[in-house]
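Try each task before you read its solution.

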Amino acid sequence: MSIDQVTAHRPGIADPVTPDDDLSFEQLAARYNYNTTSDRRRVLVRLIHKEIARRRRSVTVLDVGCGTGISEEPGVGVEYLRAVRQQVDCLWGIEPDTSIQPTHGLLDHFQHATLETADLPADHFDVAYSYFVMEHVDDPDSFLAAMYRCLKPGGSYLFMTPNGRHYFCRIAGLLRTCRMD
């Protein structure tokens with residue numbers, strides 16, 4: 001087998017690896033379990049792709065907490081971000097951490113800001129998403145109001161966050177209870 005044949009069969013970053021990678025949001029929600037998927041990031045990117053495909057026109061997308069890609073590990077998720085970039089006409093990113101610089105060439109617009117403080121046009125985005133951001137939001141009402149303002153009518157916000165039973169959430173809750181957060 002030639003190297004071209006081997007690489008031709010290698011799945012892309014957003015291609016399903018297991019059958020459960022391609023489930024709809026409703027199917028995933030009904031199971032409330034991502035243990036049968038190959039990678040949470042792949043699942044999120046596939047859900048984003050499906051939202052983009054529903055729109056049949058020029059699509060503008062916002063990555064909230066874009067960091068350096070879609071990952072909880074710095075530098076690892078740039079390929080997932082590229083997979084989103086390839087499907088959209090315009091990709092914006094916001095990131096509150098001023099020490100993080102986005103990967104060059106992937107974002108059309110970038111700001112160091114939170115969603116609540118970002119200078120974003122109203123009724124502008126078809127799709128917005130975040131990966132492991134919602135658990136860090138101080139004021140969910142203000143966050144969601146800002147999201148609603150910047151999404152076009154009929155726009156979608158997709159997010160993935162740790163399960164409330166995940167050890168991270170349990171430790172964070174314990175620290176908050178002890179006033180150590």
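**Exercise 1. Find which residues are linked with Asp22 in a network of salt bridges.**

Step 1. Start with the term: a salt bridge is a side-chain nitrogen of Lys or Arg within 4 Å of a carboxyl oxygen of Asp or Glu. By that rule, Asp22, Arg46 and Lys50 are linked in a network.

Step 2. The side chains of Asp22 and Arg46 meet at 2.5 Å, N to O. Asp22 sits in the loop between helix H1 (3–8) and helix H2 (25–31), while Arg46 belongs to helix H3 (residues 40–53), so the pair ties together parts that are 24 residues apart in sequence. Helices (H or I, at least four residues) and strands (E, at least two) are DSSP runs, numbered from the N terminus.

Step 3. Check the cover. Buried means under 20% relative accessible area, exposed over 50%, and partly exposed in between (1.4 Å probe, protein chains only). Arg46 is buried because its relative accessible area is 16%, whereas Asp22, at 34%, counts as partly exposed.

A word on the source: this is a predicted model, in which local features need pLDDT of at least 70 and side-chain atom pairs count only at pLDDT 80 or more, while totals for chains, interfaces and linings use all residues. Residues are numbered from 1 along each chain as its sequence is written, and side-chain values use heavy atoms, with hydrogens and water left out.

**Exercise 2. Describe the salt bridges of Glu79 and Glu51.**

Step 1. Glu79 pairs with Arg82, and their closest N and O atoms are 2.6 Å apart. Both belong to helix H4 (residues 78–85); they are three residues apart, so about one helical turn separates them.

Step 2. Glu79 is partly exposed at 39% relative accessibility, and Arg82 is partly exposed at 30%.

Step 3. Glu51 pairs with Arg55, with 3.2 Å between the closest N and O atoms. Here Glu51 and Arg55 are both buried.

Step 4. For the overall count, the structure holds eight salt bridges.

**Exercise 3. Work out how strand E2 (residues 90–94) is covered and which strands pair with E2.**

Step 1. Five of the five residues of E2 are buried. Cys90, Trp92 and Ile94 point one way, and Leu91 and Gly93 the other.

Step 2. Two strands pair if DSSP finds at least two bridges between them. Strand E1 (residues 60–64) pairs with E2 in the parallel sense over five bridges, and Asp63 stands opposite Gly93.

Step 3. Strand E3 (residues 109–111) also pairs with E2 in the parallel sense, over three bridges. On that side, Trp92 stands opposite His109.

**Exercise 4. Locate Glu116 and say how accessible this residue is.**

Glu116 lies in the loop between E3 and strand E4 (125–131). At 33% relative accessibility, Glu116 counts as partly exposed.
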